[in-house]
Amino acid sequence: MTQIATVTALPGPGTAEVTVARHTACGHDCENCAGCGTKSAKVVIRASAAIPLTVGDRVEVYSDSRVLGFAALVYLGPVALFLLGYLLPAGLPEGARYACGGLGFLLGLVGAAACDRRVRRTISYQITRKL
């Protein structure tokens, strides 16, 4: 997966700190829309750089494609565990089934948080070229 970023700092040789704009599903074409009124968030990451850079350069950053799989797990895990917790104990009263579903959802959130921490430590970013 590639994204466009701006170099904000050069902490060491072969390493750059870059800022990537995180967009929403609408694509943030705000001048043509009177919808949500939100602003795009910015994410700061460290990336390895094999090319000479200066602060302010616009670059293309490549990240491992496993990110999309982890994102699917983070979003779908809690929902799937809620449904399993609700549907599997079919003989229990309705309130108990909701409680099991809620417990499954909470377990999914804990798993999603652990997965997020792991991904942040293991995913690497590389600057592929200057723009």
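Rings of Phe, Tyr and Trp, the last by its six-membered ring, count as a pair if their centres lie within 6.5 Å. In this predicted model, ring pairs link Phe-82, Tyr-86 and Tyr-98 into a cluster. A search of the whole structure finds two aromatic pairs. Phe-82 and Tyr-86 form a stacked pair, because their ring centres are 6.4 Å apart and their planes stand at 10°, and planes under 30 degrees apart count as stacked.

Both Phe-82 and Tyr-86 belong to helix α1, which covers residues 66-87. The two are four residues apart, about one turn of the helix. An α-helix has 3.6 residues a turn, so residues three or four places apart point the same way.

Are these two residues buried or exposed? Phe-82 is partly exposed, with a relative accessible area of 27%. Tyr-86 has a relative accessibility of 17% and therefore counts as buried, the cut-off for buried being under 20%. Tyr-86 also has a charged neighbour: the charged end of Arg-97 sits over the Tyr-86 ring, 4.3 Å from the ring centre.

Arg-97 is itself one of the buried residues of helix α2. Helix α1 is included in what covers the buried residues of α2. Helix α2 spans residues 94-122, 29 residues in total. From its first C-alpha to its last, α2 reaches 42 Å, close to the 42 Å expected at 1.5 Å a residue.

The strands make up another part of the model. Five of them close into a barrel, in the order β1-β2-β3-β5-β4, with mixed pairing. From one strand to the next, the twist averages 55°.

| Strands | Direction | Bridges |
|---|---|---|
| β2 (residues 15-22) and β3 (residues 41-49) | antiparallel | eight bridges |
| β3 and β5 (residues 125-130) | parallel | two bridges |
| β4 (residues 58-63) and β5 | antiparallel | five bridges |

Ala-21 stands opposite Lys-42 in β3. Ser-48 stands opposite Gln-126 in β5. Which residue in β5 is the bridge partner of Glu-60? That partner is Arg-129.

Conventions
Residues numbered from 1 in each chain as written. Predicted model: local features only at pLDDT ≥ 70, side-chain atom pairs only at ≥ 80, totals over all residues. Heavy atoms only, no water. Phe/Tyr/Trp six-rings, centres within 6.5 Å; stacked < 30°, edge-to-face > 60°. Buried < 20%, exposed > 50% of the residue type's maximum accessible area, 1.4 Å probe, protein only. Lys NZ or Arg CZ within 6 Å of the ring centre and 35° of its normal. Pairing = 2+ DSSP bridges. Expected span 1.5 Å × (residues − 1). Contact = heavy atoms within 4.5 Å. Axes fitted to C-alpha atoms, helices over the stretch in contact; angles between N-to-C directions.
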